[in-house]
Amino acid sequence: MALKHLMVAVTLLSGVASALPAAAEEFTVKALNNGPGGSMVFDPAFVKLKPGDSIKFVQTDKGHNVETIKGMAPEGAEYVKTVVSQDAVVTFDKEGVYGFKCAPHYIMGMVALVVVGDKRDNLEAAKSVPHNKLTQKRFEPLFAQAQ
């Protein structure tokens with residue numbers, strides 16, 4: 001009889017555990033002078049998150065920051081602008097597509113793309129934001145991953 005009660009309890013607990021929301025994750029994105037994709041890059045430059053997840057932007061090489069690119073965030077999303085050479089953690093609660101730049105090296109194509117959740121309502125608006133040729137070239141494969 002005790003085994004039957006134990007099996008019922010395990011079944012009930014597993015049902016409760018599967019009904020709980022998944023724990024939020026923290027991802028790391030490094031700001032690098034040289035890395036995958038060339039010089040002045042974020043690694044990785046593309047990140048897919050669930051709502052509630054966060055990114056720790058690590059200034060592996062000093063002289064970088066992270067800033068939202070105007071027109072490349074979901075409506076109502078908090079604007080991000082970190083201090084140069086300081087690590088920062090950003091939590092993403094709003095679904096959509098986010099474009100980020102390192103302000104000092106944006107002209108050199110130092111950008112990243114973050115997709116949160118399954119809604120991409122602002123994808124076309126983000127793709128239509130004008131950039132210089134190098135930055136646009138760096139965004140092309142990132143947008144391809146966001147489809």
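This is a predicted model: local features need pLDDT of at least 70, side-chain atom pairs count only at pLDDT 80 or more; totals for chains, interfaces and linings use all residues.
Student: Is E25 buried, exposed or partly exposed?
Tutor: Buried would need a relative accessible area under 20%, and exposed one over 50%. The relative accessibility of E25 is 38%, so E25 counts as partly exposed.

Student: Which residues are linked with K50 in a network of salt bridges?
Tutor: D53 is buried, because its relative accessible area is 1%. The residues linked with K50 in the network are E25 and D53.

Student: How many residues apart are D118 and K48?
Tutor: D118 and K48 form a salt bridge with their closest N and O atoms 3.9 Å apart. The pair links distant parts of the chain, with D118 in the loop between β8 and α2 (123-127) and K48 in strand β3, and the separation is 70 residues.

Student: Is D118 buried or exposed?
Tutor: The cut-off for exposed is over 50% relative accessible area. D118 has 66%, so D118 is exposed.

Student: Turning to the sheet, which are the edge strands?
Tutor: Happy to! The open sheet has 4 strands in the order β3-β8-β7-β5, with mixed pairing. An edge strand here pairs on one side only, and the edge strands are β3 (46-49) and β5 (67-68).

Student: In what sense do β7 and β8 pair?
Tutor: These strands pair over 6 bridges. One example is F100, whose bridge partner in β8 is A112. The sense of the β7 and β8 pairing is antiparallel.

Student: How many residues of β8 are buried?
Tutor: Both faces of β8 are covered, with V111, L113 and V115 on one side and A112, V114 and V116 on the other. Strand β8 is largely enclosed by the rest of the structure, because the number of its residues that are buried is 6 of the 6.

Student: Which helix lies across β3, β7 and β8?
Tutor: The helix spans residues 133-146, and β7 covers 96-101. It runs at about 20° to β8, and its name is α3.

Student: Finally, with which side chain does the side chain of H64 make a polar contact?
Tutor: H64 is found in the loop between β4 (54-58) and β5, and it counts as buried because its relative accessibility is 0%. Leaving aside neighbours within four places in sequence, H64 is in contact with residues including A31, M40, V83, C102 and M110. The polar contact, at 3.1 Å, is with the side chain of H105.

Terms used:
Residues are numbered from 1 along each chain as its sequence is written. Side-chain values use heavy atoms; hydrogens and water are left out. Two strands pair if DSSP finds at least two bridges between them. Helices (H or I, at least four residues) and strands (E, at least two) are DSSP runs, numbered from the N terminus. Contact means heavy atoms within 4.5 Å. Axes are lines fitted to C-alpha atoms, for helices over the stretch in contact, and angles run from 0 to 180 degrees between N-to-C directions. Buried means under 20% relative accessible area, exposed over 50%, partly exposed in between (1.4 Å probe, protein chains only). A polar contact is a pair of N or O atoms within 3.5 Å; within protein, one must be able to donate a hydrogen and the other to accept it, and residues adjacent in sequence count only if both atoms are side-chain atoms. A salt bridge is a side-chain nitrogen of Lys or Arg within 4 Å of a carboxyl oxygen of Asp or Glu.
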